[in-house]
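Please keep the sequence and the 3D view open as you read.

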Amino acid sequence: MEQLTDNLGDESIESPQIQVDKSIEKPSLDGFKTYQKVKVACEYLLKIQGKLDSNNILSSIDLFNLAQKEFSEQFGDFSKNTFLQYLSNTVKDTESLINCLGKKKGYYISSTAKEVVEKLNENENIADKNEETTAGARRQKETRLYPVLESWLIAQGYQSSNVSSNRSLGKWGNPDLAGVNALDNFSGLSLEVVTIEAKISLENWEQWIFEAVSHRRFANRSYFAFAHPEETISKIPQDIRYYAELYNIGVLVLSLENEIFQKLIGGNLQKPLESEDVDIVEIYSAPYNFVQPRYQIKFCNALGITCTKELYQWGKRATEI
C-alpha cells in the first residue's frame with residue numbers, strides 16, 4: 001500500500017528514455033488480467049533498463065510513464081493510482097521478481113527474490129536418499145537460530161531454555177525452545193507456557209507449521225519461527241498469516257542479511273547467530289490459549305519440572321543473558 005502515495009500527483013516528472021536491451025524479448029500482454037499486465041510489463045521494463053539491484057532502481061512514476069509509452073494499448077488511458085496499487089502488490093507477490101525496500105525507495109528486479117521464488121516453486125518431493133542424514137543436517141542448521149530465539153523469549157518476560165534435545169513427548173511433541181512465566185497470586189500459582197518451533201527457511205512451511213500447531217495442547221502460546229532474507233520479507237506468503245489466524249499460533253521471522261542467510265541454509269555458518277546478526281519480526285502475535293492443566297503438567301515434567309522449586313530454577317532469566 002505504501003507505494004501508492006509514492007510521488008502521487010507529481011506530473012512534472014518527464015518520462016525516462018528507455019535504453020533497450022535487445023536480448024530481452026518484449027512480452028505480449030494479450031489475454032492477461034489487469035494485475036498480470038502490470039506485473040509482466042514492469043518486470044520487462046526493469047530488466048531492459050538493467051534495474052537489477054537496490055542501488056539501481058526506477059520510481060513508481062517512472063515505471064508508470066514507461067508502461068504508458070511501451071504498452072500504450074494497455075496503459076495509454078490507464079489510471080495512475082490503479083497502476084501504482086497493482087505495482088505495490090507485485091512486491092508482495094511470491095511469483096514476482098519485483099522488489100522495493102520501502103516507501104519512495106524505487107523498484108528493481110531482485111536476485112534474492114528470484115531465489116525465493118524458485119525455492120517456493122520447486123518440486124518439494126525431491127528428497128535425499130538418506131532421510132535421517134537430511135533431517136540431522138537440517139536440525140544442526142536449526143541450532144544456529146536457538147540462542148537469539150531464547151534471548152527473545154527472555155526479553156518477553158519468560159524463563160527460557162533450548163529443549164530441542166528432549167524427545168520424551170513423541171512425534172511433534174517436542175518444541176525447539178520453551179519459556180515459562182510463573183506468577184504467584186491470591187488464588188495460587190499461575191503458569192504460562194510458550195513454545196517456539198524454528199526452521200531455517202520457508203521451505204515446506206505448510207508441513208512444518210503444524211509442529212507449532214501441535215504444541216498448543218500444552219502451550220498457552222505457540223510460535224512458528226523461520227529465517228528469511230531481509231531484502232524479501234515482503235515475499236513471505238500471505239497464507240502464513242491465514243494459517244496463524246486459523247490455528248491460533250504466532251509467527252516470527254528471523255530477518256537476515258542475504259549473505260548470512262545463504263551461509264545458514266548452506267550449512268556454512270560456523271557459530272550460532274548473535275543479536276546483531278538478526279532482526280526478529282513478530283508478523284503475527286501468538287494469542288493466549290487455555291490449556292488443560294494435566295497436559296501442562298505433563299509438559300513441565302518432561303522438562304524436569306516436578307515442583308515449585310524446580311520451576312523457579314528452570315531455564316535462563318534476563319540476568320543470565
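Predicted model: local features only at pLDDT ≥ 70, side-chain atom pairs only at ≥ 80, totals over all residues.

Residues are numbered from 1 along each chain as its sequence is written, and side-chain values use heavy atoms, with hydrogens and water left out.

The protein has a mean pLDDT of 85, and 84% of its residues reach 70 or more; pLDDT is the predictor's confidence in each residue, from 0 to 100. Helices (H or I, at least four residues) and strands (E, at least two) are DSSP runs, numbered from the N terminus.

Two stretches call for care. Over residues 1–15 pLDDT stays under 50, and the model has 37 contacts for them beyond four places in sequence. Residues 123–133 also stay under 50, with 2 such contacts. Contact here means heavy atoms within 4.5 Å.

## The nonpolar cores

The largest nonpolar core has 27 residues, and Leu45, Leu63, Phe75, Phe83, Leu87 and Tyr107 touch the most other members. Such a core is a set of buried Ala, Val, Leu, Ile, Met, Phe, Trp, Tyr and Cys residues joined through side-chain atoms within 4.5 Å. Buried means under 20% relative accessible area, exposed over 50%, and partly exposed in between (1.4 Å probe, protein chains only). Helices α1 (34–48), α2 (60–70) and α4 (80–92) each supply at least two residues of this core, and the largest share, 8 residues, comes from α1.

Which residues does Leu87 contact, leaving aside its neighbours within four places in sequence? They are Val38, Cys42, Ser60, Leu63 and Tyr107. A second, separate core has 26 residues, including Val148, Leu254, Val278 and Ala286.

## A closer look at helix α1

Of the 15 residues of α1, 11 are buried, so this helix is largely enclosed by the rest of the structure. The buried set includes Tyr35, Val38, Cys42 and Leu45, and also Lys39 and Glu43. Among the elements that cover these buried residues are α2, α3 (72–75), α4, β1 (98–99) and β2 (108–109).

The length of α1 agrees with expectation: its 15 residues should span 21 Å at 1.5 Å a residue, and its end C-alpha atoms are 21 Å apart. The expected span is 1.5 Å times one less than the number of residues. After α1 comes Gly50, whose phi is positive, near 70°.

Glu197 sits in strand β5 (residues 188–199) and is buried, with a relative accessible area of 2%. Its side chain makes a polar contact with the side chain of Lys199 (3.4 Å). A polar contact is a pair of N or O atoms within 3.5 Å; within protein, one must be able to donate a hydrogen and the other to accept it, and residues adjacent in sequence count only if both atoms are side-chain atoms. Beyond four places in sequence, the contacts of Glu197 include Asp176, Glu211, His215 and Tyr223.

Ser214 belongs to helix α8 (residues 205–214) and is buried at 16% relative accessibility. A polar atom of the Ser214 side chain lies 2.6 Å from the backbone oxygen of Glu211.

How many disulfides does the structure hold? It holds 0, taking a disulfide as a pair of cysteine sulfur atoms within 2.5 Å. Cys100 is buried at 7% relative accessibility, whereas Cys307 is partly exposed at 38%.
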